[in-house]
Amino acid sequence: MSFAQSVLAPWALLLTWLVSLSVLAWMIWLRPWRVLIGDVALQHRWLAATLAVVLMWQLRAQAVDWLTLHLVFTVLMTLVFKMPLALISNVLINVAMSAIGRNEWALLGANVLVTGIVPAVITGLVWRWVDRRLPDNLMIFLFVCGFFGAALATLAGGLSVVLLIMVAGTDSEAVYLAQEYARFLPLLMPSEAFITGMLLSILLVYHPSWVATFNDRRYIDSQ
């Protein structure tokens, strides 16, 4: 779920830009390109995944002009590449969507926040919980991080959209529709969870080393 046309007050647009720029600056400060420079195969996978998500975002449902419903894939990107690269990828994806006219440039900060930052943070918290608190088990990692984590991140992203519109919406009809959309969020969660879990399971079976958050020695070799 992301914004296509602005229904937010100027102060909200400015605030989301500041938050998104701050988080992006933090991600850049972590210097994720050091890993990319040393691994050509990772460069290819990351760029290919980013392009694939741009193409998948073209498959969208749009019942109203200002809101679009689509798969986000931020959870999968975060699990495979970790948060810094996943968020940089999300920024590039949102820039591409604005460049081709799908979204307004003024909404770039808001879209990065609701499709990138919020889902990535939820995914990171779930992964840390699994990594530190739960037994080292492949199925636990897959179902909790992949399926449950994706569902929870989708819910959080959708609620952040609804909250932004309710707090800073400039159109009373948009505020009403946002409240109505909130009821359908549980219907969006299974699709994102299923696709993320399915793709993650394929990667864990055939290329577990590609998943940066997965330690095959802990979850496979030691079992």
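Helix axes here are lines fitted to C-alpha atoms over the stretch in contact, and the angles between them run from 0 to 180 degrees between N-to-C directions. The model is a predicted one.

**Stop 1: helices α4 and α5**

Select residues 74-99, which form helix α4, and residues 108-133, which form helix α5. The two pack at an angle of about 175°, and their axes are 9 Å apart. Angles over 145 degrees count as roughly antiparallel, and α4 and α5 are therefore roughly antiparallel to each other.

Now show the side chains where the two helices meet. On the α4 side, pick Thr-74, Val-75, Thr-78, Leu-79, Lys-82, Met-83, Leu-87, Asn-90, Val-91, Asn-94, Val-95 and Ser-98. On the α5 side, the residues include Leu-108, Asn-111, Val-112, Thr-115, Gly-116, Ile-117 and Trp-127. Colour the contact by class: there are 13 nonpolar residues, 10 polar and one charged.

**Stop 2: the largest nonpolar core**

Next, select Phe-3, Leu-8, Trp-66, Phe-81, Phe-141, Ile-165 and Leu-200. Of the 75 residues in the largest nonpolar core, these touch the most other members. Helices that each supply at least two residues of this core are α1, α3 (40-56), α4, α5, α6 (138-168), α7 (172-182) and α8 (185-206). Which helix gives the most to this core? That is α4, with 14 residues.

Stay with Phe-81 and display what surrounds it. Leaving aside neighbours within four places in sequence, Phe-81 is in contact with Leu-42, Arg-45, Trp-46, Ala-49 and Ala-212.

**Stop 3: Ser-20**

Move to helix α1, residues 10-29, and select Ser-20. Is Ser-20 buried or exposed? Its relative accessible area is 8%; the cut-off for buried is under 20%, so Ser-20 is buried. Draw a distance from the side chain of Ser-20 to the backbone oxygen of Thr-16: the value is 2.9 Å. Not counting residues up to four places away in sequence, Ser-20 touches Gly-109, Val-112, Leu-113 and Ile-117. Val-112 and Ile-117 are also among the α5 residues that meet α4.

**Stop 4: Ser-160**

Finally, go to helix α6 and select Ser-160. With 13% relative accessibility, Ser-160 counts as buried. Which backbone oxygen lies 2.5 Å from a polar atom of the side chain of Ser-160? The oxygen belongs to Gly-157. With residues up to four places away in sequence left out, Ser-160 touches Val-114 and Val-118.

Notes. Residues are numbered from 1 along each chain as its sequence is written. This is a predicted model: local features need pLDDT of at least 70, side-chain atom pairs count only at pLDDT 80 or more; totals for chains, interfaces and linings use all residues. Side-chain values use heavy atoms; hydrogens and water are left out. Helices (H or I, at least four residues) and strands (E, at least two) are DSSP runs, numbered from the N terminus. Buried means under 20% relative accessible area, exposed over 50%, partly exposed in between (1.4 Å probe, protein chains only). A polar contact is a pair of N or O atoms within 3.5 Å; within protein, one must be able to donate a hydrogen and the other to accept it, and residues adjacent in sequence count only if both atoms are side-chain atoms. Contact means heavy atoms within 4.5 Å. Angles under 35 degrees count as roughly parallel, over 145 as roughly antiparallel, 65 to 115 as roughly perpendicular and the rest as oblique. Ala, Val, Leu, Ile, Met, Phe, Trp, Tyr, Cys and Pro count as nonpolar, Asp, Glu, Lys and Arg as charged, and the others, Gly among them, as polar. A nonpolar core is a set of buried Ala, Val, Leu, Ile, Met, Phe, Trp, Tyr and Cys residues joined through side-chain atoms within 4.5 Å.
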